[in-house]
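Open the model in your viewer and keep the selection tool at hand. This tour goes stop by stop: what to select, and what is there.

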Amino acid sequence: GGIAAGAITVTAGLTAAKLAGSYVLLMSRNVKFIAVGNQKIFNAITGATIAGGEFVATKYLITSSATTTISGGTFRGATTYGGIYSCTDFTISGGVYSSNAYSIVAGSGHIISGGVYSGNANGVVYSLTGVTIEDGIFAGNFSVLSGVMAPTILDGTFYGNQYVINAVRGG
C-alpha cells in the first residue's frame with residue numbers, strides 16, 4: 001500500500017474480512033520522532049502544541065512536561081512503561097495511542113476530549129489524579145482507567161476493553 005496526497009492504496013491485509021466494529025488505524029505519516037533505547041522524545045516541555053507526527057519509543061514518549069496540547073499524531077511503542085509519563089495539565093483532543101504498555105502514566109489534571117486509544121497492553125490511563133474523559137474511542141485495551149484518583153467520564157466510546165474502570169478511587 002501507499003499514501004499520496006490524494007489517495008491511500010489499501011493492501012490485501014486491510015481488505016480481508018474483519019469483525020464487525022473493528023478499527024483500522026493509520027499509524028505512520030508526517031514527521032517521525034524515534035527514540036532509541038531508554039531515550040525520551042520530549043522531556044520537560046511546557047506550553048507546547050503537538051498537532052501531528054509519528055512518535056515511537058520503547059520506554060517513554062513524553063516525560064515531566066506540563067500544560068501541553070495534543071491534537072494529532074500517532075504515539076506508539078512505549079512497551080516498557082508508558083507513553084506520556086509524569087506530566088501535568090495536558091489537553092488531548094486527538095491522535096492515535098496504540099501498542100504502549102500504558103498510554104498515559106502518573107501526573108495529574110489531564111483532559112481527554114478526543115483521540116483513538118487501542119491495543120495498549122496494560123491500559124490507557126494509569127496512576128493519575130484528576131483525569132477527565134470528555135470523549136474519545138477506547139477499543140481493545142486491557143483497561144481504560146486503572147489506579148486513578150478522582151476521575152470523571154463524561155462521554156466516549158468504549159469497546160472491547162478488559163476493563164473500563166479498574167481499581168479507581170474517588171470521582
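A salt bridge is a side-chain nitrogen of Lys or Arg within 4 Å of a carboxyl oxygen of Asp or Glu. Keep that cut-off in mind for the first stop. The model you are looking at is predicted.

**Stop 1: the charged network**

Select glutamate 54 and lysine 32. They form a salt bridge, and their closest N and O atoms are 3.9 Å apart. Because the cut-off is 4 Å, the pair at 3.9 Å counts. Glutamate 54 sits in strand β6 (residues 54-56), while lysine 32 sits in strand β3 (residues 32-34). The two are 22 residues apart, so this pair links distant parts of the chain. Is glutamate 54 buried or exposed? Glutamate 54 counts as buried, at 2% relative accessibility.

Arginine 76 counts as partly exposed, at 27% relative accessibility. Keep Lys32, Glu54 and Arg76 selected together. Salt bridges with shared partners join them into one network. The count of salt bridges comes to two.

**Stop 2: the whole chain**

Of its 171 residues, 40% count as buried. The chain exposes about 8100 Å², and carbon and sulfur atoms supply 54% of that area. Take the contacts between residues at least 6 apart in sequence: 11% of them join residues at least 24 apart.

Next, colour by pLDDT. The chain averages 88, and 84% of the residues score at least 70. Which element has the lowest mean pLDDT? Select helix α1 (residues 12-15): its mean is the lowest among the elements, at 63. Strand β14 (residues 111-112) has the highest, at 98. Where pLDDT is low, the predicted coordinates should not be read in detail.

**Stop 3: the seven-stranded sheet**

Select β4, β7, β10, β13, β16, β19 and β22. In that order they make an open sheet of seven strands, with parallel pairing. Which strands stand at the edges? They are β4 (42-43) and β22 (163-166). Each has a single partner strand, so one side of each is left without a neighbour in the sheet.

Zoom in on β4. It pairs with strand β7 (residues 62-63) in the parallel sense, over two bridges. Look across from phenylalanine 42: isoleucine 62 in β7 stands opposite.

**Stop 4: the aromatic rings**

The structure holds 13 aromatic pairs. A pair of aromatic rings is described by the distance of the centres and the angle of the planes.

Select tyrosine 97 and tyrosine 117. Their ring centres are 4.7 Å apart and their planes lie at 10 degrees, so the pair is stacked. Tyrosine 97 belongs to strand β12 (residues 96-98) and tyrosine 117 to strand β15 (residues 116-118), so the pair ties together parts that are 20 residues apart in sequence. Tyrosine 97 is buried, with a relative accessible area of 1%. Tyrosine 117 is buried as well, with a relative accessible area of 0%.

Move to phenylalanine 142 and tyrosine 163. Here the ring centres are 5.4 Å apart and the planes lie at 75 degrees, so the pair is edge-to-face. This pair links distant parts of the chain, 21 residues apart. Phenylalanine 142 is in the loop between β18 (137-139) and β19 (143-146), and tyrosine 163 is in strand β22. Phenylalanine 142 counts as partly exposed, at 35% relative accessibility. Tyrosine 163 also counts as partly exposed, at 35%.

Now widen the selection to Phe33, Phe42, Phe55, Phe75, Tyr97, Tyr117, Phe138 and Phe158. Together they form one aromatic cluster.

**Stop 5: valine 116**

Finish in strand β15, where valine 116 lies. Valine 116 counts as buried, at 19% relative accessibility.

Technical notes. Residues are numbered from 1 along each chain as its sequence is written. This is a predicted model: local features need pLDDT of at least 70, side-chain atom pairs count only at pLDDT 80 or more; totals for chains, interfaces and linings use all residues. Side-chain values use heavy atoms; hydrogens and water are left out. pLDDT is the predictor's confidence in each residue, from 0 to 100. Helices (H or I, at least four residues) and strands (E, at least two) are DSSP runs, numbered from the N terminus. Two strands pair if DSSP finds at least two bridges between them. Rings of Phe, Tyr and Trp (its six-membered ring) pair if their centres lie within 6.5 Å; planes under 30 degrees apart count as stacked, over 60 as edge-to-face and the rest as tilted. Buried means under 20% relative accessible area, exposed over 50%, partly exposed in between (1.4 Å probe, protein chains only). Contact means heavy atoms within 4.5 Å. Accessible areas come from the Shrake-Rupley method with a 1.4 Å probe; for residues, only the protein chains shown count as cover.
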